[in-house]
Amino acid sequence: AILGLVVHVATVGTKLRQHGVEIGDTKVCHHLSMGLGDGEVWSILGRNGVGKSTLLKTMAGLRMPQRGAIQLGGTGLQNLSRRERAQRLGILFQDSESLFPATVLETVLTGRHPWTSAMRGESADDVERARQALACVGLGALAGRDLTSLSGGERRRVDLAALMVQEPRIVLLDEPGNHLDMHYQVAVLGDLVRDWKAAGGAVVAVMHDVNLALRFSDHLMLLYGDGEVACGTIGELASESALSRLYGHRMERVTTATGEWFFPV
């Protein structure tokens, strides 16, 4: 496993053990145990307010769990420098803010900072990587544009491009489909997830759309809002009964030529 949250006693998997996260009166998870392996894509599902984003930020080391420690490649996350963390782990937040004036290209180049020195700055190779990433997300022609002039969907693709050039082994995505239209959700986001998976990396994504999660993922984590968590493969957890209980609403499975999908009834 390449990422693990280790606490008290193992229950499921190899690295996440009895992980405990709370926010206010909400018990996000307790007794959570899982291993995140090479090439795996996980989706975190649950109703609004159950703490999906909080759990993702905890995995990134941006907040401390109530119990336990986070391990990254067998090393405690707290023992890694910020530079080492950023070289191994990247996160896409649910929403982003522009604090400083910058062009689209300059913003994408921030993803290269874990790999550059303050003295040297970005190389010609770094700039070329950034331009290639912008082309991959369909924004090659906007490299010189001011970031604040972009639409929400365009800004989202800039953030994805910055994550691409960061080249982390583990990618944490919080509602990655936010602001993206159907084409970019399926084509661009799908291509990026497949590329990370094919390179032997791992992806954990908080998802709002069940069917988008099923399209890209091979594992699910279900947060019920009372501390209970279910972890397993799509085959184990993608069922009418499990998803109906998760959302508190009856979900019906529909089988099509392209796969099985779930809809509220």
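At 28% relative accessibility, Arg-129 is partly exposed (buried is under 20% relative accessible area, exposed is over 50%, and partly exposed lies in between, with a 1.4 Å probe and protein chains only). The structure is a predicted model, in which local features need pLDDT of at least 70, side-chain atom pairs count only at pLDDT 80 or more, and totals for chains, interfaces and linings use all residues. Residues are numbered from 1 along each chain as its sequence is written, and side-chain values use heavy atoms, with hydrogens and water left out.

**View 1. Arg-129 forms a salt bridge with Glu-167.** A salt bridge here is a side-chain nitrogen of Lys or Arg within 4 Å of a carboxyl oxygen of Asp or Glu. The closest N and O atoms of Arg-129 and Glu-167 are 2.4 Å apart. Arg-129 belongs to helix 4, while Glu-167 is in the loop between helix 5 (152-166) and strand 8 (170-174), so the pair ties together parts that are 38 residues apart in sequence. Helices (H or I, at least four residues) and strands (E, at least two) are DSSP runs, numbered from the N terminus. Glu-167 is partly exposed, at a relative accessible area of 40%.

**View 2. Asp-125 and Arg-129 form a salt bridge within helix 4.** The closest N and O atoms of this pair are 2.8 Å apart. Helix 4 spans residues 124-136, and the two partners are 4 residues apart in it, about one turn of the helix. Asp-125 has a relative accessible area of 42% and is partly exposed.

**View 3. Glu-260 meets Arg-253 in a salt bridge.** The N to O distance is 2.8 Å. Both partners are partly exposed: Glu-260 has a relative accessible area of 40%, and Arg-253 stands at 29%. The salt bridge count for the model is 11.

**View 4. Arg-157 lies over the face of Tyr-184, and Arg-245 over the ring of Tyr-224.** A charge sits over a ring if NZ of Lys or CZ of Arg is within 6 Å of the ring centre and within 35 degrees of the ring normal. Arg-157 is 3.8 Å from the ring centre of Tyr-184. For Arg-245, the charged end is 4.2 Å from the centre of the Tyr-224 ring.

**View 5. The largest pocket holds about 950 Å³ of space.** On a 1 Å grid over the protein atoms alone, a pocket is an open set of points with protein on both sides within 12 Å along at least five of seven lines, a cavity is a set where a 1.4 Å probe fits but cannot get out, and lining residues have an atom within 4 Å of a point. Points are joined across faces, edges and corners, and a volume is the space filled by probe spheres set on them. The lining of the largest pocket has 29 residues, with Ile-91, Phe-93, Thr-110, Gly-111 and Gln-166 nearest the centre. Helix 2 (82-88), strand 7 (89-92) and helix 5 are the elements that give two or more residues to this lining. Helix 5 contributes the largest share, 5 residues. The lining comprises 15 nonpolar, 8 polar and 6 charged residues (Ala, Val, Leu, Ile, Met, Phe, Trp, Tyr, Cys and Pro count as nonpolar, Asp, Glu, Lys and Arg as charged, and the others, Gly among them, as polar).

**View 6. The second largest pocket has a volume of about 190 Å³.** Its lining includes Gly-46, Arg-47, Asn-48, Met-207, His-208, Asp-209 and Val-210. Tyr-247, Met-251, Phe-262 and Pro-264 also line this pocket. By class, the lining has 6 nonpolar, 3 polar and 2 charged residues.

**View 7. The largest cavity has a volume of about 30 Å³.** The model has 1 cavity of 30 Å³ or more. Among the residues that line the largest cavity are Val-41, Ser-43, Leu-173, Pro-176, Leu-189 and Phe-216. Strand 4 (41-45), helix 6 (182-198) and strand 9 (202-206) each supply at least two lining residues. The lining divides into 9 nonpolar residues, 1 polar and no charged.

**View 8. Ala-187 is placed in helix 6.** At 25% relative accessibility, Ala-187 is partly exposed. Ala-187 and Val-137 are 50 residues apart in sequence, and their C-alpha atoms are 9.4 Å apart in space.
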